[in-house]
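Please find below some short notes for a colleague who has not seen this structure before. They are meant to be read beside the sequence and the model.

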Amino acid sequence: RLLLLHTPSSMLPKTYSNNGPPPKTLSSSLSSPQQQKGGEEEPVAVIAHAISLIKCSKGPSVTGFLDAAAILRHSIHKNSIHYRPPHNNSTSTSPATTTIKASPPSRYSYQMYAIVHPSCEQHAQVLQRLGYEIMVRDHPVKKEDIKGEWLRNHIEAENCCGSAEFIKLYAYHLKNHPIAVHWDMDVAILHPLDDLYDVMIFPPSDPRNKAARERIERQHPEEKWPEVVDAFLTRDVTSAMPWEERTAVQGGFLVARPDVAVFDAYINFIKEGNYIGGRGDGTGWAGLGYGGFQGAMAYQGVVAYYYDQLRPNTAVELNVCRWNQVAADVLWRGPQRKNEHHLQCREHPRTLLPNGQPDYASNTQCEDCRNTPVASVKTAHYTACKKPWECKVAHPRVPRDKRQSYRLENLVNVTYCMELVREWFVLRREFEEALEVASEGKTKPASRTGGYEDGYFLGYCHREGGYVAMEPPPDGFDVKRIYGM
């Protein structure tokens with residue numbers, strides 16, 4: 001079983017640089033066009049893709065961690081300029097083909113980064129072996145730095161990680177790249193993100209920018225595009241309430257233009273701590289309603305406040321059923337205010353009545369993300385549909401508060417969730433087979449003999465929770481042998 005490697009931080013080089021001659025690069029179906037075609041194909045730009053390692057565990061509880069990092073990187077590679085479809089010479093004995101239709105090839109390269117909190121530094125070498133450049137960073141705002149008393153006294157209870165979650169903001173420091181994408185690790189990229197990049201890189205008058213804008217599916221296509229786009233994001237619609245005007249950013253996905261000045265702006269208003277406790281109008285950041293929802297005091301709240309209030313008309317909200325798709329219910333089913341808002345869209349109404357009040361009655365026409373065709377999903381985020389390595393079917397949990405039963409019974413479409421989970425396992429199988437070739441047979445794919453829901457888990461699960469982790473690469477292995485970069 002592949003678990004996190006525990007190496008004392010005193011033994012880790014602070015720069016995590018690779019010294020010595022580059023490893024031998026094997027020619028394979030995954031290698032870059034420069035290696036296969038003599039270098040005639042050049043990327044438009046190199047995009048930074050970052051994850052953050054904030055809170056770490058040890059032992060069996062971290063099974064799947066390395067697998068997730070490997071599969072995320074593999075899915076990014078598949079949707080980069082460097083990918084070439086595999087030859088039809090696989091030695092696989094079990095059918096595990098994707099249902100995703102091939103997209104036009106990407107024109108962009110990539111570089112992987114891991115922003116690692118010092119408490120997780122012992123795991124940095126694992127990520128480095130997967131091709132991540134390591135950035136060890138302490139949280140930029142600590143509790144004692146915050147002036148506002150309410151925020152200072154409550155921030156550490158927010159979400160999973162309190163103020164440590166602000167290390168995600170260091171993605172804005174990746175200024176050697178024109179664009180940085182910050183991901184949660186429980187994500188798979190299913191199609192290239194070139195349209196987003198084209199809008200941010202090329203001038204608004206450029207035909208490539210204009211064409212990309214026509215293709216991008218936004219959450220609110222009726223709204224006017226910003227002339228210059230500095231970020232793309234999605235909202236946490238599945239946690240929203242129809243009567244609340246403010247909605248959190250979904251923290252698993254942010255495409256942004258790196259800028260240290262933007263990072264500084266975040267840090268300044270967080271340290272100021274102008275935050276009012278509670279939920280709804282008059283709460284949260286600057287008392288503007290950014291309070292009480294999940295992550296409000298941390299990343300999901302500060303990103304929403306920043307792009308809504310401090311830099312309005314610079315970010316574009318993407319269609320939540322296609323980008324960062326969590327595949328959860330977007331209709332309100334209570335329990336509070338159930339009769340008043342039952343089956344309305346969770347998003348606050350965008351239209352008003354003649355008296356200026358929100359038009360709740362007509363706020364019922366929202367796409368059902370539980371049934372969006374998998375082939376049209378750009379990126380999948382495994383939250384409501386469960387983490388693939390947990391080997392859990394996305395059946396509704398039984399709540400202590402029985403009033404929540406109706407909502408939870410309708411939270412996901414179990415069959416649809418499992419189709420998305422299957423795509424993750426297809427990526428895993430591809431990575432293992434590529435690793436076997438690149439390691440010259442030293443690392444074999446894990447045995448796919450698990451019979452638990454094997455139509456979806458593809459033999460990698462013996463039972464619920466019985467995940468078969470990947471075999472580790474051999475000592476001294478460099479992931480460049482797989483990808484050529």
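**Notes on rings and strands**

1. The charged end of Lys338 lies over the ring of Tyr406, 4.4 Å from its centre. Arg137 likewise has its charged end over a ring, that of Tyr170, at 5.9 Å from the centre. A charge sits over a ring if NZ of Lys or CZ of Arg is within 6 Å of the ring centre and within 35 degrees of the ring normal.

2. This is a predicted model, in which local features need pLDDT of at least 70 and side-chain atom pairs count only at pLDDT 80 or more, while totals for chains, interfaces and linings use all residues. Residues are numbered from 1 along each chain as its sequence is written, and side-chain values use heavy atoms, leaving out hydrogens and water.

3. The structure contains 21 aromatic pairs (rings of Phe, Tyr and Trp, the last by its six-membered ring, with centres within 6.5 Å; planes under 30 degrees apart are stacked, over 60 edge-to-face, the rest tilted). Tyr452 and Phe457 form a stacked pair, 5.7 Å centre to centre with 20 degrees between the planes. Tyr452 is partly exposed at 22% relative accessible area, and Phe457 is buried at 0% (buried is under 20%, exposed over 50%, partly exposed in between, with a 1.4 Å probe and protein chains only).

4. Strand β7 (residues 249–256) has eight of its eight residues buried (strands are DSSP runs of E, at least two residues, numbered from the N terminus). Strand β4 (residues 180–183) pairs with β7 in the antiparallel sense over four bridges (pairing takes at least two DSSP bridges). Ala180 has Ala256 in β7 as its bridge partner.
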